[in-house]
Amino acid sequence: MNVVRINTKNVVYLIIAILSTSVREAHMDYGDTISNYASNNNSTPAYTTKKEDLSNICPAGNFCSKLSAECLLCTLNHKCNYGVTYQANCTVLKQIDCVGDTNFAKPYICRYCYQTDHWEHDCLQKNSCSSVASPQQYYRTNCTVKSDILCLGKRRFLKNLRCNWTGGYRWSTALILSITLGGFGADRFYLGHWQEGIGKLFSFGGLGVWTLIDVMLISMRYLGPADGSLYV
């Protein structure tokens with residue numbers, strides 16, 4: 001039987017070499033991370049640097065100073081005074097083709113992106129809550145600052161919005177149906193209250209009493225769509 005002899009010294013050298021390589025690679029990765037952070041700090045970078053992704057956002061031939069923030073790399077002062085207007089030094093991204101000087105100054109108000117006014121950002125609307133609930137319901141959604149606005153921090157952020165969505169139901173239509181065809185439950189069917197609509201239909205509007213009550217409730221906007229939305 002052949003016995004394989006292992007040289008302990010060679011094994012130790014091999015382990016040291018492997019560990020040295022791993023430490024060196026980890027150090028390089030850490031250095032790259034720090035460099036990327038330093039290059040992006042105090043600036044408003046684009047969402048992506050891929051040319052094919054920016055072609056629709058930053059069409060060629062536009063004036064450089066008119067490009068949206070996604071097409072620029074702007075240096076902002078994080079030590080500015082809130083609410084004061086400053087000038088940011090902006091540079092057009094290398095893969096963007098535009099007309100004019102690629103380096104220019106652009107005004108901005110000292111504030112974080114989540115502090116912008118509601119007309120300066122667009123938010124994803126949701127219909128998973130009731131707009132007529134009491135107390136008023138709120139939901140958390142994603143918002144994005146409009147392309148012509150410069151601000152500090154992330155351009156995408158979360159925000160609490162009041163639940164005020166609509167499903168397209170018109171108050172005037174519901175009221176007319178309640179006055180004219182309320183005895184047959186037409187108003188309840190229109191608003192999505194199917195069970196109550198069937199009850200009104202077979203009871204002839206509760207002999208007129210139910211019909212009168214629904215007219216009053218709809219006229220005061222107390223009775224709304226069954227899905228919890230608001231009238232148009």
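The model is predicted, so local features need pLDDT of at least 70 and side-chain atom pairs count only at pLDDT 80 or more, while totals for chains, interfaces and linings use all residues. Residues are numbered from 1 along each chain as its sequence is written, and side-chain values use heavy atoms, with hydrogens and water left out.

**Exercise 1.** State how many disulfides the model has, and describe the one that joins Cys80 to Cys110.

*Solution.* 
Step 1. A disulfide is a covalent bond between the sulfur atoms of two cysteines. Here a pair of cysteine sulfur atoms within 2.5 Å counts as one. The count by this rule is six.
Step 2. Between Cys80 and Cys110 the S to S distance is 1.9 Å. The angle about the S-S bond is 75 degrees, and the link is right-handed.
Step 3. Helices (H or I, at least four residues) and strands (E, at least two) are DSSP runs, numbered from the N terminus.
Step 4. Cys80 and Cys110 are both buried. Buried means under 20% relative accessible area, exposed over 50%, and partly exposed in between (1.4 Å probe, protein chains only).

**Exercise 2.** Describe the disulfide that joins Cys113 to Cys151.

*Solution.* 
Step 1. The sulfur atoms of Cys113 and Cys151 are 2.0 Å apart.
Step 2. Cys113 lies in the loop between β4 and β5, and Cys151 in the loop between β6 (138-145) and β7 (156-162), so the pair ties together parts 38 residues apart in sequence.
Step 3. The torsion about the S-S bond is about 90 degrees, so this disulfide is right-handed.
Step 4. Cys113 has a relative accessible area of 1% and is buried. Cys151, at 0%, is buried too.

**Exercise 3.** Name the residues of the nonpolar surface patch, and find the helix that gives the most to it.

*Solution.* 
Step 1. Like charges are joined within 9 Å, and nonpolar side chains (Val, Leu, Ile, Met, Phe, Trp, Tyr) within 5 Å. Accessible areas come from the Shrake-Rupley method with a 1.4 Å probe; for residues, only the protein chains shown count as cover.
Step 2. Leu181, Phe184, Ile198, Leu201 and Phe202 make the patch, of about 510 Å².
Step 3. Helix α5 (residues 194-202) gives the most, with three residues.
Step 4. Ile198 is in helix α5. Its relative accessibility is 42%, so Ile198 counts as partly exposed.

Technical notes: Patches are made of residues with over 30% relative accessible area and no salt bridge: like charges are joined within 9 Å, nonpolar side chains (Val, Leu, Ile, Met, Phe, Trp, Tyr) within 5 Å. A salt bridge is a side-chain nitrogen of Lys or Arg within 4 Å of a carboxyl oxygen of Asp or Glu.
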